[in-house]
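Here are my notes on the model. Please read them beside the structure.

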Amino acid sequence: QVQLVESGGGLVQTGGSLRLSCAASGMTFSSYVMGWFRQAPGKEREFVAAISWRGVTTTYADSVEGRFTISRDNGKNMVYLQMSDLKPEDTAVYYCAADLTSTWRSYERSSSRAYEYWGQGTQVTVSS
């Protein structure tokens with residue numbers, strides 16, 4: 001079965017950097033659009049970033065664009081989220097998600113409903 005496992009979360013200072021990793025198994029990784037979402041306590045889950053099958057196309061939430069970079073390595077079945085200039089408002093549980101689709105629709109990429117598989121999440125805490 002499909003399994004997604006996030007790692008790399010932790011505690012960092014404001015302005016610091018952190019790299020999250022997501023290891024995928026049980027699927028043909030290159031057939032999936034991959035995304036990152038996050039959820040802070042008391043808030044709705046929100047879109048962070050998404051990347052197309054070969055990494056040609058990426059899209060970001062306005063709140064993270066210019067600070068975060070999503071990438072993937074299809075040879076390793078891995079997707080990454082490089083986070084820089086971290087802010088306290090970035091504090092959340094970060095989730096890796098996978099969408100088996102043959103079509104890139106921009107309006108779907110930021111919707112959690114479009115993704116079939118989810119990891120367990122990894123905590124990112126940014127101290128003030």
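What volume does the largest cavity have?

1. The largest cavity has a volume of about 40 Å³. A cavity is a set of points, on a 1 Å grid over the protein atoms alone, where a 1.4 Å probe fits but cannot get out. Points are joined across faces, edges and corners, and the volume is the space filled by probe spheres set on them. A search of the whole structure finds one cavity of 30 Å³ or more.

2. This is a predicted model: local features need pLDDT of at least 70, side-chain atom pairs count only at pLDDT 80 or more, and totals for chains, interfaces and linings use all residues. Residues are numbered from 1 along each chain as its sequence is written, and side-chain values use heavy atoms, with hydrogens and water left out.

3. Lining residues (an atom within 4 Å of a point) of the largest cavity include Arg38, Lys43, Glu44, Glu46 and Glu89. By class, the lining has five charged, two polar and two nonpolar residues.

4. Pairing requires at least two DSSP bridges.

5. Strands E3 (residues 18–25) and E8 (residues 78–83) pair antiparallel over six bridges. Leu18 stands opposite Met83 in E8.

6. Arg109 lies in helix H1 (residues 106–109); helices are DSSP H or I runs of at least four residues. Arg109 is buried, at 0% relative accessible area (buried means under 20%, with a 1.4 Å probe and protein chains only). Beyond neighbours within four places in sequence, Arg109 has contacts (heavy atoms within 4.5 Å) that include Phe37, Phe47, Asp99, Trp104 and Tyr115.

Terms used. Helices (H or I, at least four residues) and strands (E, at least two) are DSSP runs, numbered from the N terminus. Buried means under 20% relative accessible area, exposed over 50%, partly exposed in between (1.4 Å probe, protein chains only). On a 1 Å grid over the protein atoms alone, a cavity is a set of points where a 1.4 Å probe fits but cannot get out, and a pocket is an open set with protein on both sides within 12 Å along at least five of seven lines; lining residues have an atom within 4 Å of a point. Ala, Val, Leu, Ile, Met, Phe, Trp, Tyr, Cys and Pro count as nonpolar, Asp, Glu, Lys and Arg as charged, and the others, Gly among them, as polar.
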